[in-house]
Amino acid sequence: MIFLTLLSISWQHILIVLLISIPFYFLPTLVAYRRKKSNVDAIFTLNLFLGWSVIGWAIALFLALSNKESNQQNSNIDQLTKLKALHDKGAITDEEFLNQKERLLR
């Protein structure tokens with residue numbers, strides 16, 4: 001009897017379930033997009049094809065929430081900008097500037 005009740009689900013109920021579950025399924029992609037990650041396409045692909053497994057969804061979410069690349073890259077750019085400003089003011093020599101720049105770019 002319960003089986004027959006489950007088969008009589010209307011299209012409105014199916015639509016409501018889809019509208020609730022699809023944003024949750026693509027949560028890692030949405031997080032990566034909002035955080036302006038450089039690998040949004042890779043996260044979307046992983047989420048699309050392996051998101052159905054809990055492990056694939058968790059890995060995609062982990063990649064979306066990690067901030068290793070963006071903070072490191074922005075930090076180096078900020079430091080290079082400050083270093084160039086010090087060099088332009090004459091606070092550091094050409095040799096010091098080149099040594100620090102080389103250290104930051106490694």
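Predicted model: local features only at pLDDT ≥ 70, side-chain atom pairs only at ≥ 80, totals over all residues.
**Core and helix α3**

The largest nonpolar core consists of six residues, namely V31, A32, V40, I43, A60 and A64. Three helices, α3 (27-34), α4 (40-50) and α5 (54-65), each supply at least two residues of this core. In general, nonpolar side chains in soluble globular proteins tend to be buried together. Once neighbours within four places in sequence are left aside, V31 is in contact with A64 and L65.

Within α3, the residues P28, T29, V31 and A32 are buried. Seen down the axis of α3, these buried residues fall within an arc of 160°, and they therefore line one face of the helix. The cover over the buried residues of α3 includes α2 (11-25), α4 and α5, whereas Y33 and R34, on the other side of α3, are exposed.

Most residues other than glycine have a negative phi. K36 is also exposed, its relative accessible area being 72%.

**Surface patch and salt bridge**

A nonpolar patch on the surface is formed by F44, L48, F49, L50 and W52, which together have about 560 Å² of accessible area. One of these residues, F44, lies in helix α4 and is partly exposed, with a relative accessible area of 36%.

The count of salt bridges in the model comes to one. D88 pairs with K84 in this salt bridge, and the closest N and O atoms are 3.1 Å apart. Both D88 and K84 belong to helix α6 (residues 68-89), where they are four residues apart, about one turn of the helix. As a general point, an α-helix has 3.6 residues a turn, so residues three or four places apart point the same way. Side chains of opposite charge can pair when their charged atoms come close. D88 counts as exposed, while K84 is partly exposed.

The table lists the relative accessible areas of the individual residues discussed above.

| Residue | Relative accessible area | Class |
|---|---|---|
| K36 | 72% | exposed |
| D88 | 54% | exposed |
| K84 | 37% | partly exposed |
| F44 | 36% | partly exposed |

Conventions. Residues numbered from 1 in each chain as written. Heavy atoms only, no water. Core = buried A, V, L, I, M, F, W, Y, C linked by side-chain atoms within 4.5 Å. Buried < 20%, exposed > 50% of the residue type's maximum accessible area, 1.4 Å probe, protein only. Contact = heavy atoms within 4.5 Å. Arc of directions from axis to C-beta. Patch = residues over 30% accessible without salt bridge, like charges linked within 9 Å, V, L, I, M, F, W, Y side chains within 5 Å. Areas by Shrake-Rupley, 256 points an atom, 1.4 Å probe, with all protein chains shown as cover. Salt bridge = Lys/Arg side-chain N within 4 Å of Asp/Glu carboxyl O.
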